[in-house]
Amino acid sequence: MCSASTRRPVRDPVRHPVVRRIAAAAANLPLPPGHSIGIVVIVVLDRVHRVGIPGPRWAHRAAGAAAIVAGGAANAWALAERRRRSGGAFRLDRPQSLVTTGPYALSRHPMYVGWWLIHLGIGVFRGSAWLAATLPLATLAEHRGVLGEERTLDRDFGAEYAAYSARVPRYVRWPVRARGSRRLRG
């Protein structure tokens, strides 16, 4: 039996530098409620009443995994770019400067696009037809929050945000055929 004087002190895990960094990253990890709830609903409804999508399971798994990885990569890239462009303490909810580089040069809201892909990927990976209901509902639910974020950015960054939003799409740029152009024949 060890006496109190010979025991090693237990380190407070919050003081460990790796744990602190993980905790700080988690505090800035955006978990949009619409998609979080949508993903949980897919899993629960699949357990209660399974409605599958056509196709082989291996194809669902491969396509779903690819979408999950792409969504996670989009979120990681966006977070890294925001952190890289932030001076001082990094707070995702209160940007100190407008980030227009990296994934933000392609989409004003790349993390929401990343969550679309993650939500899509989980539904496809599970082979769940419930995805057809949860993804559009979650996206519509999150869109209201996006509009609020854009009002805040417009208020905080004014003309700089107006110019940025004029050249970069809110979510994704849809390929459109130029007026008068002819389709390429394959």
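Axes here are lines fitted to C-alpha atoms, for helices over the stretch in contact, with angles running from 0 to 180 degrees between N-to-C directions. Helices are DSSP runs (H or I, at least four residues), numbered from the N terminus.

1. Basis. This is a predicted model, where local features need pLDDT of at least 70, side-chain atom pairs count only at pLDDT 80 or more, and totals for chains, interfaces and linings use all residues. Residues are numbered from 1 along each chain as its sequence is written, and side-chain values use heavy atoms, leaving out hydrogens and water.

2. H2 against H4. The axes of H2 (residues 33-48) and H4 come within 10 Å and cross at roughly 5°. The two helices are therefore roughly parallel (angles under 35 degrees). H2 brings His35, Gly38, Ile39, Ile42, Val43 and Asp46 to the contact (heavy atoms within 4.5 Å). H4 answers with Trp115, Trp116, Ile118, His119, Ile122, Gly123 and Arg126. The contact residues divide into seven nonpolar, four polar and two charged. Gly counts as polar in this scheme.

3. H3 itself. Helix H3 spans residues 57-85, 29 residues in length. From first C-alpha to last it reaches 42 Å, close to the 42 Å expected at 1.5 Å a residue (1.5 Å times one less than the number of residues). Its buried residues include His60, Asn75, Glu81 and Arg82 (buried is under 20% relative accessible area, 1.4 Å probe, protein chains only). Helix H4 (110-126) is part of what covers the buried residues of H3.

4. H3 against H4. Their axes come within 7 Å and cross at roughly 160°. That makes H3 roughly antiparallel to H4 (angles over 145 degrees). The contact residues divide into 16 nonpolar, seven polar and one charged.

Conventions
Buried < 20%, exposed > 50% of the residue type's maximum accessible area, 1.4 Å probe, protein only. Parallel < 35°, antiparallel > 145°, perpendicular 65-115°, else oblique.
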